Amino acid sequence: MFFVSIPSPPQGVWHIGIIPVRAYALAILTGMFVAIYVGRKRYAARGGDPEVVLDVAVWAIPVGIVGARLYHVITDYQLYFGPGKHPLDALKIWNGGLGIWGGVIAGALTCAIVLRRRGLTVAPFADALAPGVIFAQAIGRLGNWFNQELFGSPTTLPWGLQIDAAHTPSQFPVGTLFHPTFLYELVWCVCAGCFLLWWDKKYLIKGGQLFALYVFVYALGRIWVENLRIDPAHIIWGLRLNVWTTLAGAVLAILIYWWLGRGDQSSFVQAHECDNNSQRNSSWMKASSQNV
């Protein structure tokens with residue numbers, strides 16, 4: 001048979017002397033570099049100073065990671081607290097466990113605070129970063145693959161994921177194939193990022209709308225993937241807690257997109273204008289100095 005299953009990596013950590021190099025961390029760091037690179041290019045094309053992206057990232061990335069970890073620990077507290085559990089394990093981020101919504105909220109709030117303190121407008125910055133952020137999320141999912149975690153229900157599909165005996169849930173026999181949810185979300189995020197880039201060039205949008213669209217499009221895919229997963233989760237009215245959180249994010253995002261799009265067309269930013277148009281750049285910089 002041409003393709004029978006997807007193997008899991010035999011290990012997720014390597015050692016250089018006494019220093020552990022973890023695939024999960026490498027995936028996250030690579031995603032960060034991609035997000036910063038794409039964000040700098042797009043922010044500069046909008047007339048902004050690309051160095052601002054680095055300045056904001058210094059604050060937003062660590063705060064976002066803390067927010068993502070807090071979301072995971074709070075929503076999956078049973079993994080760290082209670083009989084037989086070790087609360088200090090909540091600090092072991094290298095073992096996996098980052099809640100994307102906690103990271104998005106914490107990171108976005110940090111970006112807004114830093115930009116406001118510098119007298120810059122938040123919306124154009126958020127729109128510039130949106131595609132890079134979702135590409136970073138795609139890369140980050142490779143960490144789940146190396147950790148052999150967060151996979152889906154059993155499947156007989158030819159692209160089923162192999163999981164070794166140590167990571168196979170006790171209720172399933174060793175050798176069971178599972179839905180590769182890391183791959184599903186990775187592909188969805190890459191497609192969503194390309195869609196955002198296309199949408200930004202194709203349509204007239206107001207500041208902040210592209211970021212709202214990013215949240216909505218990502219949420220659509222995440223709801224599907226989340227419903228395939230079999231890792232322990234709190235169930236509320238028949239759905240996983242993360243599904244409810246994602247649904248709330250999707251509804252809020254589409255409402256914000258609509259609200260930002262109100263008003264007359266003349267106030268829209270035409271995304272496909274030439275990036276080197278000095279008139280557009282100067283007018284954008286003037287607008288960015290105002291507290292909008």
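Helices are DSSP runs of H or I of at least four residues, numbered from the N terminus. The views below show a predicted model.

View 1. Glu226 counts as buried because its relative accessibility is 1%, under the 20% limit. Arg222, at 5% relative accessibility, is buried under the same rule.

**View 2. Arg240 also forms a salt bridge with Glu226.** In this pair the closest N and O atoms lie 2.9 Å apart. Arg240 belongs to strand β7 and Glu226 to helix α7, so the pair ties together parts that are 14 residues apart in sequence. With a relative accessible area of 8%, Arg240 is buried. Through salt bridges that share partners, Arg141, Glu185, Arg222, Glu226, Arg229, Asp231 and Arg240 are joined into one network. The structure holds 12 salt bridges.

**View 3. The largest cavity has a volume of about 60 Å³.** The model contains 2 cavities of 30 Å³ or more. Residues lining the largest cavity include Thr75, Asp76, Glu226, Arg229, Asp231 and Arg240. Pro232, Ala233, His234, Leu241 and Asn242 are also among the lining residues. By residue class, this lining divides into 3 nonpolar, 3 polar and 5 charged residues.

**View 4. The second largest cavity has a volume of about 50 Å³.** Its lining is formed by Arg141, Asn144, Leu150, Thr181, Phe182, Glu185, Val225 and Arg229. Helix α6, residues 181-202, supplies the largest share of this lining, with 3 residues. The lining of the second largest cavity comprises 3 nonpolar, 2 polar and 3 charged residues.

**View 5. Leu150 and Trp237 have positive phi values although neither is a glycine.** For Leu150, phi is about 60 degrees. Leu150 is placed in the loop between α5 (142-147) and β3 (161-162), and at 25% relative accessibility it counts as partly exposed. For Trp237, phi is about 50 degrees. Trp237 is found in the loop between β6 (235-236) and β7 (239-240). At 77% relative accessibility, Trp237 counts as exposed.

View 6. Helix α1, residues 23-45, contributes the largest share, 3 residues. Phe33 is placed in helix α1. Phe33 counts as exposed because its relative accessibility is 60%, over the 50% limit.

**View 7. Pro7 and Ile163 are 156 residues apart in sequence.** In space, the two residues are 7.4 Å apart, C-alpha to C-alpha. Pro7 lies in the segment before β1 (13-16), and at 45% relative accessibility it counts as partly exposed.

**View 8. Asp89 forms a salt bridge with Lys92.** The closest N and O atoms of this pair are 3.0 Å apart. Asp89 is partly exposed at 24% relative accessibility. Lys92 is partly exposed as well, with a relative accessible area of 32%.

Conventions. Residues are numbered from 1 along each chain as its sequence is written. This is a predicted model: local features need pLDDT of at least 70, side-chain atom pairs count only at pLDDT 80 or more; totals for chains, interfaces and linings use all residues. Side-chain values use heavy atoms; hydrogens and water are left out. Helices (H or I, at least four residues) and strands (E, at least two) are DSSP runs, numbered from the N terminus. Buried means under 20% relative accessible area, exposed over 50%, partly exposed in between (1.4 Å probe, protein chains only). On a 1 Å grid over the protein atoms alone, a cavity is a set of points where a 1.4 Å probe fits but cannot get out, and a pocket is an open set with protein on both sides within 12 Å along at least five of seven lines; lining residues have an atom within 4 Å of a point. Grid points are joined across faces, edges and corners, and a volume is the space filled by probe spheres set on the points. Ala, Val, Leu, Ile, Met, Phe, Trp, Tyr, Cys and Pro count as nonpolar, Asp, Glu, Lys and Arg as charged, and the others, Gly among them, as polar. A salt bridge is a side-chain nitrogen of Lys or Arg within 4 Å of a carboxyl oxygen of Asp or Glu.
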